[in-house]
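Visitor: I'm new to this one. Could you walk me through it?
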Amino acid sequence: MAALVRAVSCQTGVTQWIAACSGLLQTTTVQGQCRQMLFSTFQRHKPGQFPLSESCGGLIQANGAITQQSRSFSNTHKHLSAKDSMQPSEEKVGTFTRIIEALGFTGPLKYSRWKIKVAALRMYTCCVEKTDYEEFFNRCQMPDTLNSWFLVAQLHVWMCLVRMKQEGRTGKYMCRYIVHCMWEDVEQRGKVMGINSVVLKQDMRSMVENFYAALFGYDEGILSDDHVLAAALWRNLFNKNCEDPRHLELLVEYVRKQVQHLDALSGEDLLLTGEVSWRPLVESNARSILKPLSPVYNDEGL
C-alpha cells in the first residue's frame, strides 16, 4: 500500500512538473528541447528522483534566451519595414500583362499610348529648344559641331530618362519613345546639314554605342560622389579633352541641380504634358531650389 502511494505521488509530481515546463515553453524549438530532456531524464532516473531544479532551470534559461532572440528579430523586422515604407512601392503587374510584355508587346498603361507619345515628343523638344547650346560651347570650349550638339542633348535626355523611370511602366514606355524621337531628330539634322548618307549611317552607329555607354557612366556618377560623376562627364561630354577642371566642376554642379529640379516636378504632370524647364548653366546660388510651376493642360492631356 505504501509503495502504491509513493508511485501515485511520483506520477502526480511528474505531471505537475511537465505542466509547469509546458507553461514556460512558447516556441517549437524549446518544446523539442523539453521532449529530449524529459526522455533522457526518464531513461536515467527512477520515479521520485528527478532533478527538478536543474532541469527546469535549464529550460527557463533556454526559453529566456530564445525569447530575447525573438524580440531582437522582431525589432529588426519592424525597422526594415519602416525603412521600406519610405521607398516607393513597385507597380503591381498581372500575370497576363507579364506574358504580353515577355512576348515583346506593350501591356495596358496608365494613360493612352498616343498621349504618352505626345508628352515624350514634348519632353525631347524641351531638351533641344530650351537648352542654350551656345553657352555650353563657349563656357566649356566645345567645337560647334553636330557631335557636340548631340553630346549636350544626350546629357539632358539622360536626365529626363532618370526622372521618368521613376513613374513605373508608363514612365519606362515614355523613355523608349523619347530615345526614338532623339534618333529621328539626329538623322534629320544630319540630312539637312548635307552629310553623306553612308557617313551619316556610320556616325549614327557610333553615336548609338556612345549613347548607351554614356547612360551607364552617368548612372554610376549620379549614384556616386562628384569624382565619379566628373569622370563620366570627362569621358562622355568632353571626349577626354578637358584641360580646365573648372569646366568639370561647373558641369557637375549643373547635373546635380538639374536632377534635383526634375525630382521636384510632379510625375503626373510630366506624363500628361512632358513640359520640362531647365535651370541656367551658371547661377549665383546654385544650391537654392525654387518650387517649379505646375504646367497647364486640358482634360485630354494636351
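Predicted model: local features only at pLDDT ≥ 70, side-chain atom pairs only at ≥ 80, totals over all residues.

Visitor: How many residues does the largest nonpolar core have?
Guide: Within this core, W149, L233 and L237 have the most contacts. The core's residue count is 64.

Visitor: Which helix gives the most to this core?
Guide: Several helices each supply at least two residues, among them helix 5 (113–129), helix 8 (168–192) and helix 12 (267–272). The one that gives the most, with 13 residues, is helix 7.

Visitor: Is F211 buried or exposed?
Guide: F211 sits in helix 9. Buried means under 20% relative accessible area. F211 has a relative accessibility of 1%, so it counts as buried.

Visitor: How far apart in space are F211 and F150, C-alpha to C-alpha?
Guide: F211 touches F150, along with Q154, L161, V179, M182 and W183, leaving aside residues up to four places away in sequence. In sequence, F211 and F150 are 61 residues apart. In space, their C-alpha atoms are separated by 9.4 Å.

Visitor: Which helices do the buried residues of helix 11 pack against?
Guide: Buried residues in helix 11 include L248, L251, V252 and V255. Those four are also among the residues that L233 touches. The packing partners of helix 11's buried residues are helix 6, helix 7, helix 9 and helix 10.

Note on methods
Residues numbered from 1 in each chain as written. Heavy atoms only, no water. Core = buried A, V, L, I, M, F, W, Y, C linked by side-chain atoms within 4.5 Å. Buried < 20%, exposed > 50% of the residue type's maximum accessible area, 1.4 Å probe, protein only. Helix = DSSP H or I, 4+ residues; strand = E, 2+ residues; numbered from the N terminus. Contact = heavy atoms within 4.5 Å.
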